Amino acid sequence: MFNRLRVISTLLAAVAVAVLAASPTFCVKAEAQSVTWKRLFPTKSPTAREGVAMAYDPASKKIVIFGGLGSSSYLNETWTFDGITWARQKTLVAPPARVASSMALDRVTGKLVLFGGYDGTHYLGDTWLWDGTTSRWTQAHPRTSPTAVTGPMLFTDPKDGHADQFGGFDGMFYQLITWRWTGTNWIQLNPSNTPGARANAVAALDSARKNVVLFGGLGDVRTDNTWTWDGTNWTQQSPTVQPPTRYGTGSAFDPHLQMVVVFGGGVGGVDQDQTWAWTGSDWTQLTTPRFPAARESVGMAYDASSRQLLVFGGFAGNTFFHDTWKLVGH
């Protein structure tokens, strides 16, 4: 089961390489910024893993991660980070073990919404809710749901605050439907424009521009494009600078920089250690003197309580990471 996911990842990366080979080359430039990455050394940390779902929970004022894939097993652990150290939450009920699920805050209900993933055998389509006030998981039972997929993109809707979902891979096809969590059910949205089908893409709420930026990912058609979601419709952007198209990249909005920051990811099977940022109209590469080792399937979120942009975990080759880093020097 463990090797099956690796085979899938390799095949998807090969598809990405073939697609990008036929795509135009974007200009890539670096702009100096007074930021760098600093490794943290918490007294306790999760074991090494990749593909965690990671988000900030305002109810508990902590970062939450769930699941992932370790060196030999799929995981169903829940961990929280309080700005100083990690703590495992031993919940009575928890979602089944999985990798490559996604999680986002639903501001209307105040809960984190977890959806999708892969358990080594099945693509998953269950929905779980994390209540930070009680530190409990509850499985939701919506009447309708998105297709069971790995690598979906969940994000907080910029207009009404609900959790929205886009894309993913169901084992045969990439998805391109946009869904919204109402608090009890998933409803399919019908925007007039939509990005091409993809999975494992950058997708993050840009709080400064009040939209969501989507970039890259794996797909059967070109994913070397940037889109924004305003809660009603998708709009393709035309940046003059763009990173090499990547998948499994960490992304989160940094209020200090007022930009969505992305780190790592895979580009044609090669893991990356670059840091890029979306300005709202263009991409810029941030020059950081120190940075985490190259990796993909990395967790990333902004901790609003401790005011830190954090990176955790990921993998490169046969190496799984459990280090925690923050972006400093704003």
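**Figure 1. Strand 2 (residues 36-40) and strand 29 run antiparallel and are joined by five bridges.** The model is predicted; local features require a pLDDT of at least 70, side-chain atom pairs count only at pLDDT 80 or more, and totals for chains, interfaces and linings use all residues. Residues are numbered from 1 along each chain as its sequence is written, and side-chain values use heavy atoms, with hydrogens and water left out. Strands (E, at least two residues) and helices (H or I, at least four) are DSSP runs numbered from the N terminus, and two strands pair if DSSP finds at least two bridges between them. Trp37 has Leu327 of strand 29 as its bridge partner. Strand 29 also pairs with strand 26 (residues 308-312), in the antiparallel sense and over four bridges. In that pairing, Lys326 of strand 29 stands opposite Leu310. Strand 29 (residues 324-328) is mostly covered, with four of its five residues buried. Buried denotes under 20% relative accessible area, exposed over 50%, and partly exposed in between (1.4 Å probe, protein chains only).

**Figure 2. Tyr123 and Phe169 form an edge-to-face aromatic pair, one of 17 aromatic pairs found in a search of the whole structure.** The ring centres are 6.2 Å apart and the planes stand at 80 degrees. The pair links distant parts of the chain, 46 residues apart: Tyr123 lies in the loop between strand 8 (111-115) and strand 9 (127-131), and Phe169 in the loop between strand 12 (163-166) and strand 13 (178-181). Rings of Phe, Tyr and Trp (its six-membered ring) pair if their centres lie within 6.5 Å; planes under 30 degrees apart count as stacked, over 60 as edge-to-face and the rest as tilted. Tyr123 is buried, with a relative accessible area of 18%, and Phe169 is buried at 8%. Both residues belong to one aromatic cluster formed by Tyr74, Tyr118, Tyr123, Phe169 and Tyr174.

**Figure 3. Arg295 lies over the face of Phe321.** The distance from the ring centre is 3.9 Å. A charge sits over a ring if NZ of Lys or CZ of Arg is within 6 Å of the ring centre and within 35 degrees of the ring normal.

**Figure 4. Ser135 and Lys210 have positive phi values.** Most residues other than glycine have a negative phi. Ser135, which is not a glycine, has a phi of about 55 degrees. Ser135 is placed in the loop between strand 9 and strand 10 (136-140) and is partly exposed, with a relative accessible area of 29%. For Lys210, phi is near 55 degrees. Lys210 is found in the loop between strand 15 (202-206) and strand 16 (211-215) and counts as exposed, at 62% relative accessibility.

**Figure 5. Residues 1-32 have a pLDDT below 50 in a protein that averages 92.** The pLDDT is the predictor's confidence in each residue, from 0 to 100, and 90% of the residues score at least 70. Where pLDDT is low, the predicted coordinates should not be read in detail. As context for this view, the secondary structure of the protein comes to one helix and 29 strands, and buried residues make up 58% of its 330 residues.

Conventions. Contact = heavy atoms within 4.5 Å.
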